[in-house]
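Let's take a walk through this protein chain together. Have a look at the structure first, and then we'll pick it apart piece by piece.

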Amino acid sequence: MFEGFGSNKRRKVAPEGESESSKPWVEKYRPKKLDEVAAQDHAVNVLKKTLGSSNLPHMLFYGPPGTGKTSTILALTKELFGPELTKTRVLELNASDERGISIVREKVKNFARLTVSKPSAKDRENHPCPPYKIIILDEADSMTADAQSALRRTMETYSSVTRFCLICNYVTRIIDPLASRCSKFRFKSLDAANALDRLKYIAKEESVDYEEGVLDDILKISSGDMRRAITLLQSAHKRKGLEGSKKITPQEIEEISGLVPNSTIHELAAKIAESNIDEIAEYVNTFMKSGWSVAAVTEQLHNYYLVSDDYGTDFKNKVSWILFNTDSKLTNGTNEHIQLLNLVIQICEIQKNS
Ligand SMILES: Nc1ncnc2c1ncn2[C@@H]1O[C@H](COP(=O)(O)OP(=O)(O)OP(=O)(O)O)[C@@H](O)[C@H]1O
Ligand SMILES: [Mg+2]
């Protein structure tokens, strides 16, 4: 069989038999069945029907990070084939694998055209074991357009024995002819109620002690990204163990989240309002020394100004334009210090003129 890649990738990272307690919680609490996938009712219901009929279209999963796309397809393949047959029937490639055009031409095509292996009697009893293989192309938006183009024929030619599942964050980066060959499933950010239930469940299983409001804070910070929420909870729990304190507090969450404390954002806004350039330069200096990420400040200033009722529409428009420019420059890797100074001084100017 194809050695060196394939469905066992994840198991190599966390081999079977490895103790559950040494796994990061995101893996430990990865939904193992479709029923455990929270908040994606539409996708889950449609996929469950296909379990019954054994008929599966090519699929395209898209949506923001940490919303259950990878978990859903892994759970689906397990339910379809069972743990044993999955090894020969599922090929999973993600962004860490080379997926240029040559790989699509060779490995994907070779796997796609293989005839399907026979399920054992035991597997047939417990799982639908439909007569096709599944190729999962995770993070497909990072594949080149050429590689995507090369997939078109393969998808059609071998559709009698192979189904594809493409997964991505940005559906617009999947070329139209591929998208149109797939049933699309949109994964939405987890809503507060579902995310809270899941987080409470994990906290209970792991005997996490926390003060009131901590879980809500975590959810606010992670804005619908369940992976981020679970990781944050685990970091807070670990840290608590190290420091010997009793319960996780909202302050601790604020500290480890990488976000700038609200009090600092308010201070910065106050400095901007005073518009004393020397003081601002001094403040930005000190601020940079404390090691905060300027990208985080940009996002938080965005929330601060744009959500507030204290500012008019014209002011908000101009500020968002500056924030947008700063954000895109930061993404391109420009100097953080200069960007922050520039951002703050420009907001000063707008405030003076409005
Ligand atoms: N809908 C969900 N229900 C329950 N847990 C979830 C859900 N979505 C995400 N999680 C948790 O977050 C972790 C990451 O989820 P997953 O890998 O499926 O995200 P993804 O949508 O593939 O994200 P990315 O786009 O970054 O690849 C899972 O291991 C699980 O613990
Ligand atoms: Mg994923």
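Two strands pair if DSSP finds at least two bridges between them, and strands (E, at least two residues) and helices (H or I, at least four residues) are DSSP runs, numbered from the N terminus. One thing before we start: this is a predicted model, in which local features need pLDDT of at least 70 and side-chain atom pairs count only at pLDDT 80 or more, while totals for chains, interfaces and linings use all residues. Residues are numbered from 1 along each chain as its sequence is written, and chains are lettered from A and ligands numbered from 1 in the order in which they are written.

**Strands side by side**

Let's begin with strand S3. Here are its two pairings:

| Strands | Sense | Bridges | Residues opposite each other |
| S3 and S4 (residues 162–168) | parallel | five | Leu137 and Leu166 |

Is S3 buried or exposed? A residue is buried if 20 or more other C-beta atoms lie within 10 Å of its own, exposed if 12 or fewer, and partly exposed in between, with C-beta atoms placed from the backbone. Five of the five residues of S3 (residues 133–137) are buried, so this strand is largely enclosed by the rest of the structure. Lys133, Ile135 and Leu137 point one way, and Ile134 and Ile136 point the other.

Setting aside neighbours within four places in sequence, Leu166 is in contact (C-beta atoms, placed from the backbone, within 7 Å) with residues including Leu60, Leu137 and Ala140.

**Domains**

The chain divides into domain 1, domain 2 and domain 3 (262–353), with bounds that come from an automatic or database domain assignment. The C-alpha centres of domain 1 and domain 2 lie 30 Å apart. Across the boundary, 11 residues of domain 1 are in contact with 12 residues of domain 2. On the domain 1 side, that makes eight nonpolar, three polar and no charged residues. Here Ala, Val, Leu, Ile, Met, Phe, Trp, Tyr, Cys and Pro count as nonpolar, Asp, Glu, Lys and Arg as charged, and the others, Gly among them, as polar.

**Around ligand 1**

Which residues come nearest to ligand 1? Of the 23 around it (C-beta atom, placed from the backbone, within 6 Å), they are Arg30, Pro65, Gly68, Thr70 and Ser71. The shell divides into 11 nonpolar, seven polar and five charged residues. Domain 1 and domain 2 each supply at least three residues of the shell.

**Over in helix H13**

Ile272 is found in helix H13 (residues 262–274). Ile272 is buried, with 22 other C-beta atoms within 10 Å. Leaving aside neighbours within four places in sequence, Ile272 is in contact with Val344, Ile347, Cys348 and Gln351. The C-alpha atoms of Ile272 and Ala140 are separated by 43 Å.

Technical notes: Contact = placed C-beta atoms within 7 Å.
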